[in-house]
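User: I would like to learn how to read pockets and cores in a model. Can we work through one together?

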Amino acid sequence: MSIRLTRPSAAALRALAVAGEAQSLTYQPVGVTSMVAPPDGYRLDRWSQSLGREDHVFERAVEALRNWRVHEGAGLVVHSGGPPTIDSVVAMAAPLPLGWVEVVCRVVEVVDQPDRFGFTYGTLSVHPEQGEESFTVVRLEDGTSSFEIVAVSRPRQVLDRAFPPIARRLQIAATNRYLAAMQSAADA
């Protein structure tokens, strides 16, 4: 895990992303976010939020995900090579109460259908957790769009395992920021 007191530069995040291209995922099997039950030792979290029924809501939500605006709107600093694509690596820095934690993930799945768009990324070595997280926008038959987040993870670092309530609180706070950022993007 990489924690720093100051916000990392674009060059520092780019270097983390480049280094991540040669790394393997820190968990197995790929696809754990689509399983009914998580593997032993992993926690499964599912969040869903209705975004609205207007036609433009789905398109705005897709654009927000495609351009990493949900992550940026949640306060993360993001370095990606563009929209999520299979095997692309993204480096991010998330704010902590004091400092920043750097995380690097590889996109393992992309869904791009007329009424469903999203991606899943998995953790690499620069990440306090092991597992996957998926972000998906869905337009239902009645025209309502919703944003779904599924996370399957377990603590990877000693500090996270030593202080699970703190790590859990930070994870939930980040998810709430993702949900709020998506709602703002859909409403814009």
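Analyst: Start with the term. A pocket is an open set of grid points with protein on both sides within 12 Å along at least five of seven lines. This is a predicted model. Its second largest pocket has a volume of about 210 Å³.

User: Which residues are closest to the centre of the second largest pocket?

Analyst: The lining has 13 residues. Closest to the centre are Thr33, Arg116, Ser134, Thr136 and Val150. Strands S5 (100–113), S6 (116–123), S7 (129–139) and S8 (145–155) each give two or more residues to the lining. S6 has the largest share, with 4 residues.

User: How do the lining residues of this pocket divide into nonpolar, polar and charged?

Analyst: There are 3 nonpolar, 6 polar and 4 charged residues.

User: And which residues touch the most other members in the largest nonpolar core?

Analyst: First the general idea. In soluble globular proteins, nonpolar side chains tend to be buried together. Here the largest nonpolar core has 33 residues. Leu65, Met92, Tyr121, Phe135, Phe147, Tyr178 and Met182 touch the most other members. Among the elements that supply at least two residues are S2, S4 (89–95) and helix H5 (164–187). Helix H2 gives the most, 6 residues. Another core, of 17 residues, lies apart and includes Ala17, Leu25, Ala91 and Val104.

User: Is Val36 buried or exposed?

Analyst: The cut-off for exposed is over 50% relative accessible area. Val36 has 79%, so it is exposed. Val36 lies in the loop between helix H1 (10–20) and strand S2 (43–52). Beyond its neighbours within four places in sequence, Val36 is in contact with Leu44 and Arg46.

How values were computed: Residues are numbered from 1 along each chain as its sequence is written. This is a predicted model: local features need pLDDT of at least 70, side-chain atom pairs count only at pLDDT 80 or more; totals for chains, interfaces and linings use all residues. Side-chain values use heavy atoms; hydrogens and water are left out. On a 1 Å grid over the protein atoms alone, a cavity is a set of points where a 1.4 Å probe fits but cannot get out, and a pocket is an open set with protein on both sides within 12 Å along at least five of seven lines; lining residues have an atom within 4 Å of a point. Grid points are joined across faces, edges and corners, and a volume is the space filled by probe spheres set on the points. Ala, Val, Leu, Ile, Met, Phe, Trp, Tyr, Cys and Pro count as nonpolar, Asp, Glu, Lys and Arg as charged, and the others, Gly among them, as polar. Buried means under 20% relative accessible area, exposed over 50%, partly exposed in between (1.4 Å probe, protein chains only). Contact means heavy atoms within 4.5 Å. A nonpolar core is a set of buried Ala, Val, Leu, Ile, Met, Phe, Trp, Tyr and Cys residues joined through side-chain atoms within 4.5 Å.
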